Amino acid sequence: MEKKTLVLYPSLGVGHLNPMVELAKALLRHGLAVLIAVVDPPDADAVSAAAVARLAAANPAIAFRLLPSPASPDDLTTHPVRRSLDTLRLANPALRDLLRSLPAGALVLDMFCVDAIDVAAELGVPAYFFFPSAASDLAVFLNLPYFYPTVPSFRDMDKNTPVHCYSGMPPIRAVDMLQSVQDKESEATKVRLYQFKRMAEGKGILINTFDWLEPKALKALHDGVCVPGKTTPRVYCIGPLVNTGNKSEDSGGGERHECLEWLDKQPKQSVVFLCFGSLGAFSAAQLKEMAHGLERSGHRFLWAVRSPREEQSQFPEPDLERLLPAGFLERTKDRGMGMVVKSWAPQSEVVRHEAVAAFVTHCGWNSTLEAMMAGLPMICWPLYAEQSMNKVFLVEEWKIAVEMEGYEEFVKAEEVEAKVRLVMNTEEGKMLRERLAVVKEKAMEAIKEGGSSEAGFVKFLSDLGQSSSS
C-alpha cells in the first residue's frame, strides 16, 4: 500500500515558512512522508521562491512544491491581510490539483490558509492547523469573533484599559491587543475575525509551545471557553520547534558570517544582540536614537539594521553612514564595542553564542522560542501583529523579559541605555537569567523522549491515523 503524504501548507512570507520547515523535520523523524506546498506570490515578491530554494537545499529529505502564482486579487489597495487571504483562496485550484495527484493523508494548514479547509472537505482529506505562535495568542484569537462584538473598538478605549476576552485570560491593555484588529469596523478586523472563526473548523491545532509554559491558556482551550457553544478543536503542544542553528540553512551553505567571527573574540555574556525579524524596520530618527542609547550604555552590541520601510524599494541595503549618528560606526568599532550588520544576521546561531547575554527583540514567536532555548533574557520592542500580546506574556506572566517603554511611538536613547544596563548589570537582570535557565530546562524536557511535547506529537499521529482510516 502506497505511503500517504502529509501536505504542509504555509501562508505567504518567510516568517510562516520557517516554522513549517521545523514541523516537517519533526514529522520526518516520526517516519511520515512530508511535502511542503508553497504558493508563489503573484506580486513579484521573490522572497518565497528564494527561501524555498534555500530551505530545499538545506533539507533534502523534505519535498517542496512551488504552486503556480494565482491571479492577483482584483483590488491591490486592500489591507495586506485581506490580500493575503484572497491570494491563498485563489490558489485553491492549484492546491486541489496537488492533493488529487498524491495519496494525501492529511493537510496541515497555516493560520492564514483557512479557505483551504473547503478543498480538504471536498476531497475528504482531514485538515489540521499549525499555529506557530503562543497558545495564549490562540486562545485570544479563537475567542475574538465572540467577544469583540460586545465591546467598543480597542483603539477607542483608553490605551491602558485591561481587556479580558475569556475567563482566565490575563489582562492585556487595549493598545497591546492584536494590531490588525484595533478598529472593529475596519476591513482588516473583519477579515481576521472571519479567519479566527474558520480556524475552529479544523480537526485539531498543532501549537508551537509546551505544556509547562502556558497552563492557563491551555486550560481555557481544553475547557472550551474560547469558542462558546461550539466544539473547540483538540490542541496538541509539540514545541519548541526552532532552528537549531544549522549553518547551511542560516547562511545558504556559504562561509560563516563575519559577525560570528566577531563574537568569538568577545568575552562570555558581554554582548547585547538587537534583531527585529524579517519585516522589522525603524525610521531614521529612531535608528539614531537607538545608536545613542547603545553607545551610552557602555556595553558591547551586535545590531542588525534595515533601511527604513519607506526607503527599502530605493535602498534595499541600508546606508549606515547616513542613517546612524556621525562617527558612531568608527567610535564603537575602534573601541571594539560594537558591530552593525546590514539587514540580516544568522539569528539562530547568534542567540546561542556564549558571548551573547541579552536580546532586544520584536517578540515574534520564532525569535522568542529561540531565546528561551538559549536561556537568553529579552528586551521587548514589539512592532506589529501579535507581538505586543507576546510582550505581555513574556514580561508580566512569565517574567523572563523587560519592556522597552515607548515602543508604541518612539523610544528615547535614555530608555535604550537604561534597559540595556538593567539586563546586563542589575540584580533584576540576574533574576531574569535564573528564570530563563528554568524555562530552558523545561523546554528541553518537553521535546525529549517521554516529554510532554513528544507525547503531544504521538497523540496527534494516533488521531491522524484514525482520521485517515475513517
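What volume does the second largest pocket have? The second largest pocket has a volume of about 280 Å³.

## Basis of the report

This is a predicted model, in which local features need pLDDT of at least 70, side-chain atom pairs count only at pLDDT 80 or more, and totals for chains, interfaces and linings use all residues. Residues are numbered from 1 along each chain as its sequence is written, and side-chain values use heavy atoms, with hydrogens and water left out.

## The second largest pocket

A pocket is an open set of points on a 1 Å grid over the protein atoms alone, where a 1.4 Å probe fits and protein lies on both sides within 12 Å along at least five of seven lines; lining residues have an atom within 4 Å of a point. A volume is the space filled by probe spheres set on the points, which are joined across faces, edges and corners.

The lining of the second largest pocket consists of 16 residues, and Ala26, Arg29, Pro240, Leu241 and Ile447 lie nearest its centre. Two or more lining residues come from each of α1 (14-29) and α19 (452-469). Helices (H or I, at least four residues) and strands (E, at least two) are DSSP runs, numbered from the N terminus. The largest share, four residues, is supplied by α1. By class, this lining has eight nonpolar, three polar and five charged residues. Here Ala, Val, Leu, Ile, Met, Phe, Trp, Tyr, Cys and Pro count as nonpolar, Asp, Glu, Lys and Arg as charged, and the others, Gly among them, as polar.

## Two cavities

A cavity differs from a pocket in that the probe fits but cannot get out. There are two cavities of 30 Å³ or more. The largest cavity holds about 80 Å³ of space. Of its 13 lining residues, Phe276, Gly280, Ala304, Val305 and Arg306 lie nearest the centre. Both α11 (284-297) and β11 (300-305) supply at least two residues of this lining, and the largest share, three residues, comes from β11. The lining comprises nine nonpolar, three polar and one charged residues.

The second largest cavity holds about 40 Å³. Among the residues that line this cavity are Tyr9, Phe112 and Ala116. Helix α3 (residues 80-90) gives the largest share of the lining, three residues.

## Helix α5

Which residues of helix α5 (residues 116-123) are buried? They are Ala116, Ile117, Val119 and Ala120, where buried means under 20% relative accessible area with a 1.4 Å probe, protein chains only. These residues cover an arc of only 160 degrees around the axis, so they lie on the same side of α5. The arc is that of the directions from the helix axis to the C-beta atoms.

The buried residues of α5 pack against β1 (5-9), α4 (92-101), β4 (104-110), β5 (127-131) and α7 (187-199). Gly124 follows α5 and has a positive phi, near 70 degrees.

A nonpolar core is a set of buried Ala, Val, Leu, Ile, Met, Phe, Trp, Tyr and Cys residues joined through side-chain atoms within 4.5 Å. The largest has 108 residues, and Tyr9, Leu107, Leu144, Phe154, Leu221, Leu302 and Met372 have the most contacts inside it. Helix α6 (residues 135-147) gives the most to this core, with eight residues. A second, separate core of 33 residues includes Leu287, Met290, Phe328 and Val411.

Thr368 is found in helix α15 (residues 365-374). Thr368 counts as buried because its relative accessibility is 0%. Leaving aside neighbours within four places in sequence, Thr368 is in contact (heavy atoms within 4.5 Å) with Cys363, Met378 and Leu394.

Notes:
Buried means under 20% relative accessible area, exposed over 50%, partly exposed in between (1.4 Å probe, protein chains only).
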